[in-house]
Amino acid sequence: MKILLKNGRLIDPIGEIDTVTDVLIIDGIIQKISQNLSVTKEDKSIDLTGKIISPGFIDMHVHLREPGFEHKETIESGSRAAASGGFTSVCCMPNTNPVIDDPSVIKWIQQCSLKVDDGIVDVYPIAAITKGREGKELAPMMELAEAGALAFSDDGSPVENAEVMRRALEYASMIDKPIIQHAEELSMAKGGVMNEGYVSTLLGMQPIPSIAEEIMISRDLHISQYTKAQYHAAHISTAGSVELLRSAKKKNLRVSCEVTPHHFSLTDNAVRSFDTNTKMNPPLRSHEDVEAVKEGLRDGTIDVIATDHAPHSFDEKQVEFLYAPFGIVGLETAVGLAITELIHTKILTPKQLIEKFSVNPRNILHLPRINIQEGEPANLTFLDFMQEWIVDINNFQSKSKNSPFHGWKLKGKAIGIINKGKMKLFP
Ligand SMILES: [Zn+2]
């Protein structure tokens, strides 16, 4: 199949390219990058005038819920949500049932993902650090890595025990994989439902203080320095966490971190609505935290934007705030929120945005870099920075609709992907 991308602005941070050009793709391979290319009528020609061609986006923090919680999401519905949000790859977290702590679960997920739309979205499992995610005994990390685990995390729960974390980091560094921590000091955070601050006091809600996150990151950075292992902090949310990572990077530790779109788009003020779609873990933080997160994105302290896509069924979220589960879906709003909140406000350049959605997460996970060059496979995301659209949960591909952004007007959108010789367009 021949596909001609006409007049797109090709931005490739790795090749340091930013130019308007045509790209000819034949059977999934980039054949020619040049101006004024043409194809016959039988072939596909896509006009990308005013649009951006980027290396394919990856979301390194997604809960696909399968196996075990198929009423919330499946590998099929989650992969379709990823494609429609502009992602050619996702990493799925191991808090499934059974937990991804056995190579057979990894193999099963890989096989399922290949059946969804001919496997246009690459699904990369992240395996548990400890057996059953119980924080006690290390999972068989070597076998899990051999089966295809890109990284290890007990996400949903922190690795509380410092000695277990130390051994996990030592072991992971022997097989050159990152450890991803859900940083939360449970003795301070347990029972909390929202950020500790003015709004939690006003509403009389049990709080989760910022330091619950920062203490755990601080401890982990010490262990990471001691073991010289690669450490990634998932979904950081506080000014203190940004500062901890910033100084760790100055010391050249092998550390990285991510932030979710909701943590740079919303503050804990949103919880006043009592909408259970404003309940997530870590919680929405203060205005000062949001500003610090944006500065961390701008100055490169925060490497990655990842969604923490956490589907829950309508019934599960349709309860009192106190009893609702944590988390929101994010795959289909992430790119729109990032362009709206970070590009149009000039916090990030287009190149920086692409680094945080594609180049940096792939580096952290030791995935092959995407080279947009003749002879290379086409793994691409198309973006329209100017398109205005209204978020409508009824249009989501995801099985779950738990988003606080329903009705939001966004400017900017992913409009299509190409991967493994297949293309999906969402104009
Ligand atoms: Zn988490």
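Donors are N, O and S atoms within 2.8 Å of the metal (3.2 Å for Na, K and Ca), and sites may look incomplete, as water is not among the atoms. The model is predicted: local features need pLDDT of at least 70 and side-chain atom pairs pLDDT 80 or more, whereas totals for chains, interfaces and linings use all residues. Residues are numbered from 1 along each chain as its sequence is written, and side-chain values use heavy atoms, without hydrogens and water.

**View 1. Protein donors of the zinc ion.** D155 (OD), H182 (ND1) and H235 (NE2) lie 2.0 to 2.2 Å from the zinc ion. Their spacing in sequence is D-x26-H-x52-H. D155 belongs to the loop between β9 (152-153) and α4 (162-174), and H182 to the loop between β10 (179-181) and α5 (186-189), so this pair ties together parts 27 residues apart in sequence. Helices (H or I, at least four residues) and strands (E, at least two) are DSSP runs, numbered from the N terminus. Buried denotes under 20% relative accessible area (1.4 Å probe, protein chains only); D155, at 2%, is buried, as is H182, at 4%.

**View 2. The aromatic pair of F57 and F357.** Rings of Phe, Tyr and Trp (its six-membered ring) pair if their centres lie within 6.5 Å, and planes under 30 degrees apart count as stacked. The whole structure holds four aromatic pairs. F57 and F357 are stacked, at 4.8 Å centre to centre with 5 degrees between the planes. F57 in strand β6 (residues 57-62) and F357 in helix α13 (residues 350-364) are 300 residues apart. Both F57 and F357 are buried.

How values were computed
Rings of Phe, Tyr and Trp (its six-membered ring) pair if their centres lie within 6.5 Å; planes under 30 degrees apart count as stacked, over 60 as edge-to-face and the rest as tilted. Buried means under 20% relative accessible area, exposed over 50%, partly exposed in between (1.4 Å probe, protein chains only).
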